[in-house]
Amino acid sequence: MATGSRITTDDKAKRAAVEIGRLMSSRCPLPQAAALALCITLMTETLERRFGVAFGVERSKSDRNALLTQRLQRTGADLAALGEAYSLPDMLTEDNELLRAENQVLHEQVQKLGI
């Protein structure tokens with residue numbers, strides 16, 4: 001809970017959960033890849049902070065925010081590249097369009113013959 005103007009870790013977690021839920025919602029215009037990128041980035045930050053505490057690494061809040069923003073952008077770009085690399089053309093749609101074009105040609109030929 002927030003006390004005064006301070007935001008606790010619980011508040012941040014709640015806000016992150018709400019944001020992830022919003023991104024994952026089918027009503028949201030953003031793709032689910034954005035939610036996945038956010039989850040991966042936040043999990044990485046959590047692990048990094050825990051290791052930082054364990055090994056005595058200290059970062060300022062602005063450094064953590066800058067790193068988080070950079071990591072989120074990089075993760076989003078990586079997921080987009082992977083999505084494009086592994087996406088296959090929709091064969092059924094292409095076949096359907098080809099068959100429609102062939103059908104149209106045959107239909108025109110039949111009309112010319114008067115059948």
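## A pocket to start with

The second largest pocket in this predicted model has a volume of about 240 Å³. A pocket here is an open set of points on a 1 Å grid over the protein atoms alone, where a 1.4 Å probe fits and protein lies on both sides within 12 Å along at least five of seven lines. Its volume is the space filled by probe spheres set on those points, which are joined across faces, edges and corners.

Helices are DSSP runs of H or I, at least four residues, numbered from the N terminus.

Ala 35, Leu 38 and Glu 45 are among its buried residues, meaning under 20% relative accessible area with a 1.4 Å probe, protein chains only. Just after helix 2, Gly 56 takes a positive phi of about 75 degrees.

pLDDT is the predictor's confidence in each residue, from 0 to 100. The protein chain averages 78, with 69% of its residues at 70 or more. Among its elements, helix 2 has the highest mean (88) and helix 1 (residues 9-24) the lowest (65).

Residues are numbered from 1 along each chain as its sequence is written. Local features need pLDDT of at least 70 and side-chain atom pairs 80 or more, while totals for chains, interfaces and linings use all residues, and side-chain values use heavy atoms, leaving out hydrogens and water.

Terms used:
Buried < 20%, exposed > 50% of the residue type's maximum accessible area, 1.4 Å probe, protein only. Helix = DSSP H or I, 4+ residues; strand = E, 2+ residues; numbered from the N terminus. 1 Å grid on protein atoms, 1.4 Å probe; cavity = no way out; pocket = protein on both sides within 12 Å on 5 of 7 lines; lining within 4 Å.
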